[in-house]
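Please read them with the structure open beside you.

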Amino acid sequence: MAFEVADAYDRFMGRYSVPLAPRFADFAGVVAGAHVTKARSAHASTDRVLDVGCGPGALTAELVHRVGAPRVLAADPSAPFVAAARQRCPGVEVVQAGAESLPWPDDTVEVALAQLVVHFMTDPVGGLREMGRVTRPGGTVAACVWDLAGASGPLSPFWAAVHDVAPDAPDESVRPGATEGDLGRLCVEAGLVVVDEGSVEVRVDHPSFPQWWEPYTLGVGPAGDFVAEADAATVEAVRRRCLDRLGDPPAPVRARAWAVRARVPGS
């Protein structure tokens, strides 16, 4: 999957992940200007937060806004994404690393977050377990994944049109975390204590159908792979079906992500 080009990813998913970030940070309990209590201040984490699978930095920037760059850490396995996040969020320690092998010691942070990442982890349970390792006992691990198996994800109109044209085309509905309750199950398997499960939602208005459609042609993610690999007639049929479904300008896209907030066992 062509997740290597940060600009293409921002144009494709950033239009949804940027407005999602403050809602997810609220769900995770990262409060602007907040500090840990005196009882917690003895821990190595102080009040640092970690963005796992940060991509070009949509959530990282929101965390900086809330707690300041010196308190934010970020990691992503893609070198271009790491470079883009560093440029977007100066002062943040951004490292190239996958969720399953984070370079920080135990109890480094107060909160570890993974926005729209678990479904792309090589080992989701291992990635969540590793997020728990670098989070202090009693700290928070939070994750969210689009409703990829339902009708309320940001890409749902696209995949519905694809299945109208090519019913057997593979989609993202079987990915980890794509269904309600799946993130909680993964957290339990990772040894975390689920505190809350729910969803976070955003609404995005698109000025025109071409503006909505063009990012699908950039080769980003499974949707981009489908457009890049299908023959021209199939792609045109999908585009026309999307236009029939959405209109021009498109109806507002209301996108829901499943979310979980879990606690690291201990004090």
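1. The model is a predicted one, and a search of the whole structure turns up zero disulfides. Cys-54 is in no such pair; its nearest cysteine sulfur belongs to Cys-89 and lies 8.1 Å away. A disulfide is a covalent bond that joins the sulfur atoms of two cysteines. The cut-off applied to the two sulfur atoms is 2.5 Å.

2. Are Cys-54 and Cys-187 buried or exposed? Cys-54 is buried, with a relative accessible area of 6%. Cys-187 is also buried, and its relative accessible area is 0%.

3. Nonpolar core. The largest nonpolar core contains 92 residues, and those with the most contacts inside it are Leu-128, Trp-146, Phe-158, Trp-212 and Trp-213. Helix α1, residues 6–28, supplies the largest share of this core, with 12 residues.

4. Phe-158 as an example. Leaving aside residues up to four places away in sequence, which residues does Phe-158 touch? Its partners include Trp-212 and Trp-213, which are themselves listed among the core residues with the most contacts. Phe-158 also touches Tyr-216, Ala-223, Phe-226, Val-227, Val-238 and Cys-242.

5. Annotated segment. An unreviewed UniProt entry lists residues 50–142 as "domain: Methyltransferase type". Over residues 50–142 the chain is 32% helix and 29% strand.

6. Overall fold. The protein has nine helices and seven strands. Among contacts with a separation of 6 or more, 78% are between residues 24 or more positions apart.

7. Size and shape. The C-alpha trace spans about 60 × 35 × 30 Å along its principal axes. How does the radius of gyration of the protein, with 267 residues, agree with that of a compact globule? A compact globule would have a value near 18 Å and the protein has 19 Å, which agrees.

8. Surface and interior. Of the 267 residues, 53% count as buried. The accessible surface of the protein comes to about 11,100 Å², and carbon and sulfur atoms account for 53% of that surface.

Key:
Residues are numbered from 1 along each chain as its sequence is written. This is a predicted model: local features need pLDDT of at least 70, side-chain atom pairs count only at pLDDT 80 or more; totals for chains, interfaces and linings use all residues. Side-chain values use heavy atoms; hydrogens and water are left out. Buried means under 20% relative accessible area, exposed over 50%, partly exposed in between (1.4 Å probe, protein chains only). UniProt positions are given in the numbering used here, feature names are shortened, and annotations may be inferred rather than shown by experiment. Helices (H or I, at least four residues) and strands (E, at least two) are DSSP runs, numbered from the N terminus. A nonpolar core is a set of buried Ala, Val, Leu, Ile, Met, Phe, Trp, Tyr and Cys residues joined through side-chain atoms within 4.5 Å. Contact means heavy atoms within 4.5 Å. The radius of gyration is taken over C-alpha atoms; the globule rule is 2.2 Å times the number of residues to the power 0.38. Accessible areas come from the Shrake-Rupley method with a 1.4 Å probe; for residues, only the protein chains shown count as cover.
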